[in-house]
Amino acid sequence: MLHSYYFSASNTTEKVVNAVADTLGMETVHHNLTSTRMTVLESHAEEDDIVLFAAPVYAGRLPAIAVERFNKVRGAGQKCLAIVVYGNRHYDDALLELCDLLENNGFDIVAAAAFVAQHSIFPKVAVSRPDVSDLKKIAEFSSLVLDLLANGLSLDIDMVHGTRPYKKPVQIPLYPKVDKKKCRDCGKCARECPTGAVSIENPKETDAEKCIACSRCIAICPDRARYFGGLKYRLIAPLFRKKCLTRREPEWFIPK
């Protein structure tokens, strides 16, 4: 059986997880750790199960909230896959960070991969990815994983791209705005915000100190009332798009 544990604020990491699981063809149990305000989480994986962890990349690192939640899932030598998903800039130290975390938590890493998805803050970057080409490469990676599992191989994580110590985390200087004419105060954004940055009492209010610009509220708003905008956003967006024009392709690391 395959158990996937993932953080997917804008749902693109979830798409990658589902694509990997489909190719592996195993009975799968998904554990979406995005919106749950967790206190205790016990690993549901048995000794012979395969475990997959996946998270987006924020400014070259794993989201701190994802690290906190992943650290509550402890392994006992289960074979494991490490996956990060990024918006076509670079994944920097995030994949190595995830591999280190999983190894420290008792998992035996088989393979690690970085896939590209549409950028969650600047959606004109990597539009509609993962696309058909990406899905083919995800299937290729997953097929390789089946062979690795059959042969009982493990990954030397020093092969994985990244540096230690990891790059310093960066606070994204943007947070979603609210179209008050569209917002019906349904509260879905407040209930699903991973960090509790949206007020339960007044969903039109966002705590900029708590917000990690994950785009969760934008992705799940039934009225499309949330968005990134404002002068700062309009200044940054074209510069970021220009920086990320060159298409990046999926990368993975497997035992040699």
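1. Ground rules. Because the model is predicted, local features need pLDDT of at least 70 and side-chain atom pairs count only at pLDDT 80 or more, while totals for chains, interfaces and linings use all residues. Residues are numbered from 1 along each chain as its sequence is written, and side-chain values use heavy atoms, with hydrogens and water left out. Helices (H or I, at least four residues) and strands (E, at least two) are DSSP runs, numbered from the N terminus.

2. H1 against H4. Helix H1 (residues 12–24) packs on helix H4 (residues 132–150) at an angle of about 50°, and their axes are 8 Å apart. Axes here are lines fitted to C-alpha atoms, for helices over the stretch in contact, and angles run from 0 to 180 degrees between N-to-C directions. The pair is therefore oblique; angles under 35 degrees count as roughly parallel, over 145 as roughly antiparallel, 65 to 115 as roughly perpendicular and the rest as oblique. The crossing of H1 and H4 is right-handed, meaning that the near helix is turned clockwise from the far one by less than a right angle.

3. Who makes that contact? From H1 come Val 16, Ala 19, Val 20, Thr 23 and Leu 24, and from H4 come Leu 135, Ile 138, Ala 139, Ser 142, Ser 143, Val 145 and Leu 146. Contact means heavy atoms within 4.5 Å. By type, the contact residues of H1 with H4 split into nine nonpolar, three polar and no charged.

4. The scale is: buried under 20% relative accessible area, exposed over 50%, partly exposed in between (1.4 Å probe, protein chains only). Leaving out neighbours within four places in sequence, Ser 142 touches Val 20, Thr 23 and Leu 24.

5. Thr 13, also in H1. Thr 13 lies in helix H1 and, at 2% relative accessibility, counts as buried. Apart from residues up to four places away in sequence, Thr 13 is in contact with Phe 7, Ser 8, Ala 54, Ala 55, Pro 56 and Val 85. Its C-alpha is separated by 10.0 Å from that of Gln 118, 105 residues apart along the chain.

6. H3 and its cover. Nine of the eleven residues of H3 (94–104) are buried. They are Ala 94, Leu 95, Leu 96, Glu 97, Leu 98, Cys 99, Asp 100, Leu 101 and Leu 102. Their cover includes strand E3 (50–56), H2, E4, E5 and strand E8 (251–253). After H3 comes Gly 106, with a positive phi near 95°.

7. Ala 64, for contrast. Ala 64 belongs to helix H2 (residues 64–70) and counts as exposed at 63% relative accessibility. Ala 64 and Ala 112 are 48 residues apart in sequence and 20 Å apart in space, C-alpha to C-alpha.

8. Two cis peptides to look at. One joins Arg 129 and Pro 130, with omega about 5°; Pro 130 lies in the loop between strand E5 (108–116) and H4. Another joins Arg 164 and Pro 165, with omega about -5°, and Pro 165 is in the loop between H4 and strand E6 (177–178).

9. Arg 129: buried or exposed? Arg 129 is buried, with a relative accessible area of 5%. Neighbours within four places in sequence aside, its contacts are Asn 88, Val 116, Ala 117, Gln 118, Asp 134, Arg 247, Arg 248, Glu 249 and Pro 250.

10. Positive phi without glycine. Asn 88 has a phi of about 75°, in the loop between strand E4 (79–86) and H3, and counts as buried at 4% relative accessibility. Asp 185 has a phi of about 60°, in the loop between E6 and helix H5 (188–192); Asp 185 is partly exposed, at 40%.

11. H7. Helix H7 (residues 231–243) has 13 residues and spans 19 Å from its first C-alpha to its last, close to the 18 Å expected; that expectation is 1.5 Å times one less than the number of residues. Within H7, Tyr 233, Ala 237 and Phe 240 are buried.

Note on methods: Ala, Val, Leu, Ile, Met, Phe, Trp, Tyr, Cys and Pro count as nonpolar, Asp, Glu, Lys and Arg as charged, and the others, Gly among them, as polar.
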